Structure formats: structure tokens, C-alpha cells
Amino acid sequence: MFIAGSHGADRIRKQYRRMIGWVPIVLGVLFGIVALRCGVVWTLQGANLWGGSFMSGSSRWLVIGLIVLVGGITVLVRTGLLVRRRFSR
């Protein structure tokens with residue numbers, strides 16, 4: 001059964017799904033870059049290579065920075081794999 005105007009609605013739904021599919025990728029890249037940057041700064045401050053903060057020379061911030069750094073890299077790699085899978089279809 002044909003309903004008048006349903007073709008336009010289907011096209012809009014497809015465009016919406018395609019657009020919403022980019023949200024996890026954009027959020028993954030943003031979160032990964034922020035985590036990577038924070039991880040680098042906290043690691044350098046914890047290793048006492050970047051002074052001027054209460055975190056400088058603290059082994060606690062060195063460990064926290066390394067964990068956040070590895071987490072940021074992991075998020076970026078997983079997001080890259082998601083993009084690769086999306087374009088290989």
C-alpha cells in the first residue's frame with residue numbers, strides 16, 4: 001500500500017540515522033583528545049618535568065596521568081576503528 005508522502009519521510013529518517021551515527025565518533029574524538037591532553041600534562045607534572053603546580057613531583061599525579069593518557073589513546077584508537085568500519089561498508 002502506498003501512502004502519499006511516505007517516500008520523503010523515509011528519506012528524512014535515513015538522513016537522520018546517518019547524521020546521528022556520527023555522534024559517537026565526534027564525542028569519542030573530543031573525549032579522547034581532552035583525556036590525552038590532561039594525561040600528558042598530569043604525567044609531566046607528576047614526573048616534575050612541568051613545574052608550578054601542587055601536582056609537581058607527586059607520584060600520585062604521575063600514575064593518574066599515565067592512566068588517563070592510556071585511556072585517551074584507547075578511546076582514540078577505538079573511535080578510529082569505528083570510523084574505519086563505517087567507511088568500509
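The stops below go from the whole chain to single side chains.

Before selecting anything, note that this is a predicted model, in which local features need pLDDT of at least 70 and side-chain atom pairs count only at pLDDT 80 or more, while totals for chains, interfaces and linings use all residues. Residues are numbered from 1 along each chain as its sequence is written, and side-chain values use heavy atoms, with hydrogens and water left out.

**The whole chain**

Start with a cartoon view of the protein chain, which has 3 helices and 0 strands; helices (H or I, at least four residues) and strands (E, at least two) are DSSP runs, numbered from the N terminus. The radius of gyration is 21 Å, well over the 12 Å that the globule rule gives for 89 residues, so the protein chain is more spread out than a compact globule. That radius is taken over C-alpha atoms, and the rule is 2.2 Å times the number of residues to the power 0.38. Along its principal axes the C-alpha trace spans about 70 × 25 × 15 Å. Of the 89 residues, 16% are buried, where buried means under 20% relative accessible area, exposed over 50%, and partly exposed in between (1.4 Å probe, protein chains only).

Next, select Asp-10 and Arg-13 and show their side chains, which meet in a salt bridge at 2.7 Å, N to O. The structure holds 1 salt bridge, the term standing for a side-chain nitrogen of Lys or Arg within 4 Å of a carboxyl oxygen of Asp or Glu. Because Asp-10 and Arg-13 are 3 residues apart in helix α1, about one helical turn separates them. Asp-10 counts as partly exposed at 36% relative accessibility, and Arg-13 is likewise partly exposed, at 45%.

**The nonpolar patch**

Now switch to a surface view and colour Tyr-16, Met-19, Ile-20, Trp-22, Val-23, Val-26, Leu-27, Leu-30 and Phe-87, which make a nonpolar surface patch of about 910 Å². A patch is made of residues with over 30% relative accessible area and no salt bridge, like charges being joined within 9 Å and nonpolar side chains (Val, Leu, Ile, Met, Phe, Trp, Tyr) within 5 Å; the accessible areas come from the Shrake-Rupley method with a 1.4 Å probe, and for residues only the protein chains shown count as cover. Helices α1 (6–20) and α2 (23–46) each supply at least two residues of the patch, and α2 gives the most, with 4 residues. Within α1 you can pick out Met-19, which counts as exposed at 53% relative accessibility.

**The aromatic cluster**

Then select Trp-42, Phe-54 and Trp-61, which ring pairs link into a cluster. Rings of Phe, Tyr and Trp (its six-membered ring) pair if their centres lie within 6.5 Å, and planes under 30 degrees apart count as stacked, over 60 as edge-to-face and the rest as tilted. The whole structure contains 2 aromatic pairs. In one of them, Phe-54 and Trp-61 have ring centres 6.2 Å apart and planes at 85 degrees, so this pair is edge-to-face. Phe-54 is exposed, with 69% relative accessibility.

**Last stop**

Finally, draw a C-alpha distance from Arg-13 to Trp-61: these residues are 48 apart along the chain and separated by 47 Å.
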